[in-house]
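Subject: Structure handover and findings

Hello,

Here is the structure I promised to pass on. Please open it alongside this note.

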Amino acid sequence: MLFYADADNIVYPAALLGVKMNKDTLEQQYLGGGSFDNHRDYHTDDIVALDYLADLDLAATGALGKNPEICVWRPSDMSLVKKIRQGKDTRAASCVRLSKDGRFAFSTCKSEKPCLRAFEVESGKMIDEERLQGAAIQMAAGEDGLVAVAGVRGT
């Protein structure tokens, strides 16, 4: 998982950190880390999913955990826009995608009952949930909140 933020910087996850690195100087900036109190404001387990909208300078990362976090953030200044809880016992936000306008975040659950969830970024509230037939491997968000999910049935 790696995205070009602009001509000089790349965005990627490393353990429970969101990272922006200047590819010429190798200087890195982090979302998360630091003191324990600061760390709890971001991800508390490893990041397993990343999406980035270059035109909006908006990234979304999804993590493992009993109640996994989805963090929506801006790589330009490494600021957290919203921390969203996916829901208890969902095990991971295994795929994350942002709507083209950045108003919505979509995630898939890696639980025994896989699902697709939609969240409003501004409020962090879940606005919809659909059960999936199996584990999701990839997801794409299109216009008007249309989401396509590819997966493996029966896993």
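Below is what was found in it, by topic.

This is a predicted model, so local features need pLDDT of at least 70 and side-chain atom pairs count only at pLDDT 80 or more, while totals for chains, interfaces and linings use all residues. Residues are numbered from 1 along each chain as its sequence is written, and side-chain values use heavy atoms, with hydrogens and water left out.

**First sheet**

Four strands make an open sheet in the order 5-6-7-8, with antiparallel pairing. Strands here are DSSP runs of E with at least two residues; helices are runs of H or I with at least four; both are numbered from the N terminus. Two strands count as paired if DSSP finds at least two bridges between them. Strand 5 and strand 8 (79–85) are the edges. Each has a single partner strand, so one side of each lacks a neighbour in the sheet. Neighbouring strands of this sheet are turned by 15 degrees against each other on average, direction ignored. For angles, axes are lines fitted to C-alpha atoms (for helices, over the stretch in contact), and values run from 0 to 180 degrees between N-to-C directions.

Inside this sheet, strand 6 (residues 58–63) and strand 7 (residues 69–74) pair in the antiparallel sense over four bridges. Ala59 has Trp73 in strand 7 as its bridge partner.

Another open sheet of four strands has the order 9-10-11-12, and its pairing is antiparallel. Its edges are strand 9 and strand 12 (126–131). Each of these has a single partner strand, so one side is left without a neighbour in the sheet. The twist averages 20 degrees from one strand to the next.

Strand 9 and strand 10 (residues 104–109) pair antiparallel over five bridges. Ala93 has Cys109 in strand 10 as its bridge partner. The two strands form a hairpin with five residues between them. Gly102, in the turn, has a positive phi of about 75 degrees. Strand 11 (residues 115–120) and strand 12 also run antiparallel, joined by five bridges. Ala118 stands opposite Asp128 in strand 12.

Strand 9 is an edge, yet six of the six residues of strand 9 (residues 93–98) are buried, so it is largely enclosed by the rest of the structure. Buried means under 20% relative accessible area, exposed over 50%, and partly exposed in between (1.4 Å probe, protein chains only).

Arg97 lies in strand 9. At 16% relative accessibility, Arg97 counts as buried. Its side chain has a polar atom 2.7 Å from the backbone oxygen of Met139. Contacts of Arg97 beyond four places in sequence include Leu50, Asp51, Phe104 and Gln138; contact means heavy atoms within 4.5 Å. Arg97 and Gln138 are 41 residues apart along the chain, with C-alpha atoms separated by 9.6 Å.

Thr108 sits in strand 10 and is buried, at 0% relative accessibility. A polar contact of 2.8 Å joins its side chain to that of Ser94. A polar contact is a pair of N or O atoms within 3.5 Å; within protein, one must be able to donate a hydrogen and the other to accept it, and residues adjacent in sequence count only if both atoms are side-chain atoms. Leaving out residues up to four places away, Thr108 also touches residues including Cys115, Leu132, Met139 and Val149.

**His43**

His43 is in the loop between helix 1 (36–39) and strand 5. His43 is buried, with a relative accessible area of 1%. The side chains of His43 and Thr61 make a polar contact of 2.7 Å. Beyond four places in sequence, His43 is in contact with residues including Leu16, Gly62, Glu69 and Cys71. Leu31 is twelve residues from His43 in sequence and 8.8 Å away in space, C-alpha to C-alpha.

**Aromatic pair**

Rings of Phe, Tyr and Trp (its six-membered ring) pair if their centres lie within 6.5 Å; planes under 30 degrees apart are stacked, over 60 edge-to-face, and the rest tilted. The count by this rule is one aromatic pair. Phe3 and Tyr52 form it: tilted, 6.3 Å centre to centre, with 55 degrees between the planes. The pair links distant parts of the chain, with Phe3 in strand 1 (residues 3–4) and Tyr52 in strand 5 (residues 47–53), 49 residues apart. Phe3 is partly exposed, at 26% relative accessible area, whereas Tyr52 is buried, at 8%.

Best wishes
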